[in-house]
Amino acid sequence: MQDSTTVKPHIMERQAYLQKEVAEISAIYRRCFPGHALQLVVEEGDDPARTDPVVLDAGQAVQAQHLSSQYLGRIDLPGPHPDAPVIRAVLRIPRTPTKGEIANAEAPWRAPRVLRPLFRVAPGAYEYIRYTAERFRAGRIRRHNWKKLPFGKGSPILVPSVQPDAAARPAILIGFHWLEVGGAEKMAFDTVNWALAAGLRVFVVASVPSIQRLADRLPDHPDVTFIRLDRYLPPRLWPLYLERLAIEENIRLIHIHHCSHLYASLAHLRVSVPWIRVLDSTHIVEYVDGGYPRMSGVWSNYIDLHHVISGELVDFYRDRFHVPHRVKLGRMLTRHDGEVALPALNMTVGAKVLRVAFIGRYYYQKRPIVMARTLGALARWARRNGVELRATLVGEGPFRREVEQLVRSYGLGDAVEFLSASADVPGLLRKSDILLLPSNNEGLALVCYEAIEQGCIPISTDVGSQREIVPSGLLVPHDPGAAVRRSVAIVNRLWRDGTFLAEQGAAMQACYRRLAADPTAEEVLMPIYRAAATGAPALDDIL
């Protein structure tokens, strides 16, 4: 028989968790349906992230197919009067994630069954097949909608009577894709801090259900609230909830960071709460469907300002959607007083040790298999030239297991160190000669900024906006086999040719300084945040 003293803390912890989630559910549905009585059926889910909330149509009864063996009970919230219509919903509280699930968002990757034998004997051939398939899909990009949705400016004689609660301090709604590791997410977290510093109250939502591992990185501040719509509200109801939130909390500004449900809510919000101003930040044009910049451009008539991180995206909005006057470039850099001081290169000609780094998520976008094959090719080069190869790989993700196996198969088990995503990246880059970035696609990789700041040479595929930060002499082809070969050729020339090494070092520092001279994201966004905190007239003047 189990000792009750060992069980009780676990039970109390679970009860506290359930009570917290019940309070979140009640607050969301009370705000979304203020004129209704609510009957909210609650179950415990079997997934740590996905909850698939179901809201039944008025008058529809709960059916057996809505329920499971994890049924917990019902929340009853009375309406404003006895005859108020009833809304019923079936909601699942996600179970607590395991330590393994917290460490890895997805199960370890495996090649498709039909290609698994090929991958085992020739990972390069597998990568080429996938690369070819990606290029074929990219050729079909025009099948997606690229036309701006129409929307007029309205008339001053037709203004909704509803106004925001002036008693509440002005607030901003910031929409994340999710609260996980990523460049867009880093920017979103920065904007939360900037908005708070500008004097705004901050409400945060995320469109993709996930464990939201980085939620604890939101400022622990009474003016910052993370609303779990991703868990408990179907996307079709987001516009209704956000309308009520805007009115009751005096939302003056919406900032969208790759948050698809917020884009989809804009039509309703522009009609129901027209005082709200909207801006978004975009990072990367996806090959297959244009990604969030295409989505942003389609909604452009509903958006007051597009903030972008690269010159490529400035051109994208101008050429594709003809809105150059509403696009502002703001680099993901910190403004320094005076000229940026960059260190000398870590790499020296003819060195007996070559130190290589890879920093990124182990997802296909970063092509970790191509990175591992490059390490194998560099190991062969190093043996021929009497060089000791040392590599440090930082990150987590589903491809990590396969990379570890490839590294062992190349006989590099003792030469390669694997570190978690929490590693000291600047410290590692300060001790590294080369950064490998063989990505399938990039916006403008932050790690390249960081590498140059620490004297590390980035070798990157010529994709996305990488050409803005990486000089042409350090770019490699997109084709995976050619990328491996060219990476080794560049390393060989850097190692042998002092003039080439110096030229590439000067060129990459010149790229960095050109970008550092551009406005930063903070310089573009903070005046808007301050105007929103001051009041509507100030915001109208700046947007």
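Begin with the second largest pocket, whose lining divides into twelve nonpolar, six polar and seven charged residues. Here Ala, Val, Leu, Ile, Met, Phe, Trp, Tyr, Cys and Pro count as nonpolar, Asp, Glu, Lys and Arg as charged, and the others, Gly among them, as polar. The model is predicted: local features need pLDDT of at least 70 and side-chain atom pairs count only at pLDDT 80 or more, while totals for chains, interfaces and linings use all residues. Residues are numbered from 1 along each chain as its sequence is written, and side-chain values use heavy atoms, with hydrogens and water left out.

**The pocket**

Select Phe151, Lys153, Gly154, Arg270 and Pro274, which lie nearest the centre of this pocket among its 25 lining residues. A pocket is an open set of points on a 1 Å grid over the protein atoms alone, where a 1.4 Å probe fits, with protein on both sides within 12 Å along at least five of seven lines; lining residues have an atom within 4 Å of a point. Its volume is about 760 Å³, taken as the space filled by probe spheres set on the points, which are joined across faces, edges and corners. Next, display α8 (260-272) and α18 (536-542), each of which supplies at least two residues of the lining. The largest contribution comes from α18, with three residues. Helices (H or I, at least four residues) and strands (E, at least two) are DSSP runs, numbered from the N terminus.

**The seven-stranded sheet**

Move to the open sheet of seven strands, ordered β7-β6-β5-β8-β9-β10-β11 with parallel pairing; two strands pair if DSSP finds at least two bridges between them. At its edges are β7 (224-226) and β11 (327-329), each with a single partner strand, so one side of each has no neighbour in the sheet. Neighbouring strands are turned by 20° against each other on average, direction ignored; the axes are lines fitted to C-alpha atoms, and angles run from 0 to 180 degrees between N-to-C directions.

Within this sheet, select β5 (residues 171-176) and β6 (residues 201-206), which run parallel and are joined by six bridges. Leu173 stands opposite Phe203 in β6, and Gly175 stands opposite Val205. Six of the six residues of β6 are buried, that is, under 20% relative accessible area with a 1.4 Å probe and protein chains only, whereas exposed means over 50% and partly exposed lies in between. On one side of β6 are Arg201, Phe203 and Val205, and on the other Val202, Val204 and Ala206.

**The four-stranded sheet**

Turn to the open sheet ordered β2-β4-β1-β3, which has mixed pairing. Its edge strands, β2 (54-55) and β3 (71-77), each pair on one side only. Inspect β1 (residues 37-44) and β4 (residues 86-93): eight bridges join these parallel strands, and Ala37 stands opposite Val86.

**Strands β12 and β13**

Select β12 (residues 353-359), where five of the seven residues are buried, so the strand is largely enclosed by the rest of the structure. Seven bridges join β12 to β13 (residues 388-394), and the two run parallel. Phe358 has Leu393 as its bridge partner in β13.

**Helix α12**

Finish at α12 (residues 400-409), where Arg400, Glu402, Val403, Leu406 and Val407 are buried. Viewed down the axis, these buried residues fall within an arc of 160°, so they line one face of the helix; the arc is that of the directions from the helix axis to the C-beta atoms. On the other side of α12, Arg408 and Ser409 are exposed. Just after the helix, Gly411 takes a positive phi of about 75°.
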